Amino acid sequence: MGDQTQTNVSRVNFSDPLYLHPSDHPGMMPVAKSFDGSNFGSWKKAITIALSAKNKLGFVNGKVIKPASDHNNFDVWQRCNHMVMSWILIVLSSDISESVLYSSSAEEIWKDLEDRFGQSNGAKLYQL
């Protein structure tokens, strides 16, 4: 039995973006500060670093592609996508979180946040 366990553990690919570490859970705060609509640039940088450290950045930038619903990895992808969604939602203020709650993917949430808060204010920049 010990040899079988050893063999299964050695087959786990820890660098696969579909791998979730046993310490990963939906209530985990990936960054210390919640996003309330201000300082999007610094919040985006912090959450990008956190997701990259967890090897989950591909879920927001589109590099980890959603497989077909009949594919063997679909359920695993869905679980990881939901985990990343929960990490993003937990660090958003309640009004922003509610506005993206029904998004179907972490990538969709990310694009929505970038569209709404990533736009620089040209008049404000000119004034500075």
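How many aromatic pairs does the structure hold? The structure holds eight of them, where rings of Phe, Tyr and Trp (its six-membered ring) pair if their centres lie within 6.5 Å. Before we visit one, a word on the model: it is predicted, local features need pLDDT of at least 70, side-chain atom pairs count only at pLDDT 80 or more, and totals for chains, interfaces and linings use all residues. Residues are numbered from 1 along each chain as its sequence is written, and side-chain values use heavy atoms, with hydrogens and water left out.

Let us start with the overall build. The protein chain has seven helices and zero strands, taken as DSSP runs numbered from the N terminus (helices: H or I, at least four residues; strands: E, at least two). Of its 128 residues, 32% count as buried, meaning under 20% relative accessible area, with exposed over 50% and partly exposed in between (1.4 Å probe, protein chains only). The protein chain exposes about 8400 Å² by the Shrake-Rupley method with a 1.4 Å probe, and carbon and sulfur atoms supply 52% of that area. Among contacts (heavy atoms within 4.5 Å) between residues at least 6 apart in sequence, 63% join residues at least 24 apart.

Now for the rings. A pair of aromatic rings is described by the distance of the centres and the angle of the planes. Trp 43 and Trp 110 lie 6.2 Å centre to centre with 35° between the planes, a tilted pair (planes under 30 degrees apart count as stacked, over 60 as edge-to-face and the rest as tilted). This pair links distant parts of the chain, 67 residues apart: Trp 43 sits in helix H2 (residues 40-53) and Trp 110 in helix H6 (residues 106-117). Trp 43 counts as buried at 5% relative accessibility, and so does Trp 110 at 8%. Ring pairs also bring in Phe 35, Phe 40 and Phe 117, linking them with the two Trp residues into a cluster.

The axes of H2 and H6 (lines fitted to C-alpha atoms over the stretch in contact) are 11 Å apart, at an angle of about 160° on a scale from 0 to 180 degrees between N-to-C directions. Where they meet, Phe 40, Trp 43, Lys 44, Ile 47 and Thr 48 in H2 face Trp 110, Leu 113, Glu 114 and Phe 117 in H6.
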